[in-house]
Amino acid sequence: MKVAVDAMGGDKAPHETVKGAVLAAKQFSNSQIVLVGDENTIQRELSTHGKTPENITIHHASQVVNMDEPATFAIRQKTDSSVTKSVELVAQGKANAIVSAGHTGATVAASTMYLKTLKGVRRPGIAIPLPTQHGVCLVIDVGANIACKPIHLFQYGLMASIYSKYILGIENPKVGILNIGEEDAKGNDLVKETFALLSCSHLNFVGSVEGREIFDNKADVVVCEGFVGNILLKFAEGLAMNILATIKAEAMKSFWTKLGLGLCKSALLPLKNKMDFAEYGGAPLLGVNGVCIICHGRSDSKAINNAIRLALQLSNNKVNEHIISEIEKTDALTANVT
């Protein structure tokens with residue numbers, strides 16, 4: 001297994017990216033890691049970690065896609081960027097997966113352009129695990145596709161269900177659709193038409209899921225279009241950070257509240273870890289003909305290490321092969337759906 005890592009992508013690149021790759025190289029010694037980016041810069045970073053692991057190599061790329069650049073423009077104009085070259089390695093069969101904490105739009109655009117989609121898949125989608133009381137809820141899509149059709153959302157539910165089974169270990173994942181109410185008649189045309197498709201499928205469909213129910217374990221998978229999903233993701237992230245910051249600020253107001261916080265530390269630490277995106281590594285771009293893990297822009301070495309682990313898991317568990325197989329089973333259901 002060989003993983004191409006966009007060494008120049010992310011707010012903390014290349015320092016944390018290279019550090020995370022070194023950690024992964026030591027942890028997964030049977031796999032190969034290719035650091036893609038400016039060779040001299042990467043070499044300098046590697047030199048700070050002592051002897052470079054034998055399973056790390058460098059693939060030079062002279063350009064970097066900046067966060068403020070339009071995705072499609074950057075992909076077309078910066079053909080030698082680290083993210084484009086990382087994706088090209090997978091497209092050429094020189095790597096099995098890509099991991100990037102850089103420009104999400106550029107990663108999605110490059111992956112769609114060079115890797116194409118799996119047989120039968122209409123549009124790829126980004127799946128993100130949101131922590132709940134009893135595990136995680138996989139929300140798809142959170143930004144890859146903001147012009148969804150019912151067939152896209154239906155396939156998102158199918159792909160995320162497969163991911164939940166083979167990566168998260170949920171044998172028969174419950175699939176729901178994000179809606180403004182529980183009643184079948186609620187929602188816009190997109191939601192209603194997708195609801196009908198999911199109801200007729202072999203998936204374990206549990207119906208509509210309201211925003212608050214995502215964290216109640218009503219469903220293991222929740223589908224929505226990318227615009228709504230991205231807002232949901234950013235809101236959940238901001239809320240979690242605000243809650244933790246507020247608890248800390250209130251606890252610092254007196255000796256007794258500080259003491260109380262200290263007594264609660266053993267209970268709060270697991271909660272903090274559960275909300276830490278670095279624990280999950282990154283989000284898979286499901287539906288492309290290859291493995292693509294999109295990391296948070298603020299990813300540190302821990303997140304990069306876990307993202308590489310996730311990429312290896314997807315490849316080793318043949319998630320894409322299972323997606324193709326399941327998509328073929330739905331051909332009759334979706335034959336007349338555009």
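**Entry 1. Ground rules.** I worked from a predicted model, in which local features need pLDDT of at least 70 and side-chain atom pairs count only at pLDDT 80 or more, while totals for chains, interfaces and linings use all residues. Residues are numbered from 1 along each chain as its sequence is written, and side-chain values use heavy atoms, with hydrogens and water left out.

**Entry 2. Strand β4.** I took helices (H or I, at least four residues) and strands (E, at least two) as DSSP runs, numbered from the N terminus. I looked up strand β4, residues 97-100. Ala97 and Val99 point one way, Ile98 and Ser100 the other. In a regular strand the side chains alternate between the two faces of the sheet. All of these β4 residues are buried; buried means under 20% relative accessible area, exposed over 50%, and partly exposed in between, with a 1.4 Å probe and protein chains only.

**Entry 3. Partners of β4.** I counted two strands as paired if DSSP finds at least two bridges between them. Strand β1 (residues 2-6) pairs with β4 in the parallel sense over three bridges, and Val3 has Ala97 as its bridge partner. Strand β11 (residues 291-294) also runs parallel to β4, joined to it by four bridges. Here I found Ser100 opposite Ile294.

**Entry 4. Salt bridges.** I required a side-chain nitrogen of Lys or Arg within 4 Å of a carboxyl oxygen of Asp or Glu. By this rule I recorded 11 salt bridges. Side chains of opposite charge can pair when their charged atoms come close.

**Entry 5. Lys119 and Glu328.** I noted a salt bridge here, with the closest N and O atoms 3.9 Å apart. Lys119 lies in the loop between α5 (104-114) and β5 (125-132) and Glu328 in helix α11 (residues 319-329), so the pair ties together parts that are 209 residues apart in sequence. Lys119 is exposed at 59% relative accessibility, whereas Glu328 is partly exposed at 41%.

**Entry 6. Glu326 and Lys329.** In helix α11 I found these two residues three apart, a separation of about one helical turn. Glu326 is buried at 18% relative accessibility, and Lys329 is exposed at 57%.

**Entry 7. Other pairs.** I looked up Glu210 and Arg212, whose closest N and O atoms are 3.3 Å apart in a salt bridge. Glu210 is buried at 18% and Arg212 exposed at 54%. Lastly, I recorded a network of salt bridges linking Asp80, Lys85 and Glu88.
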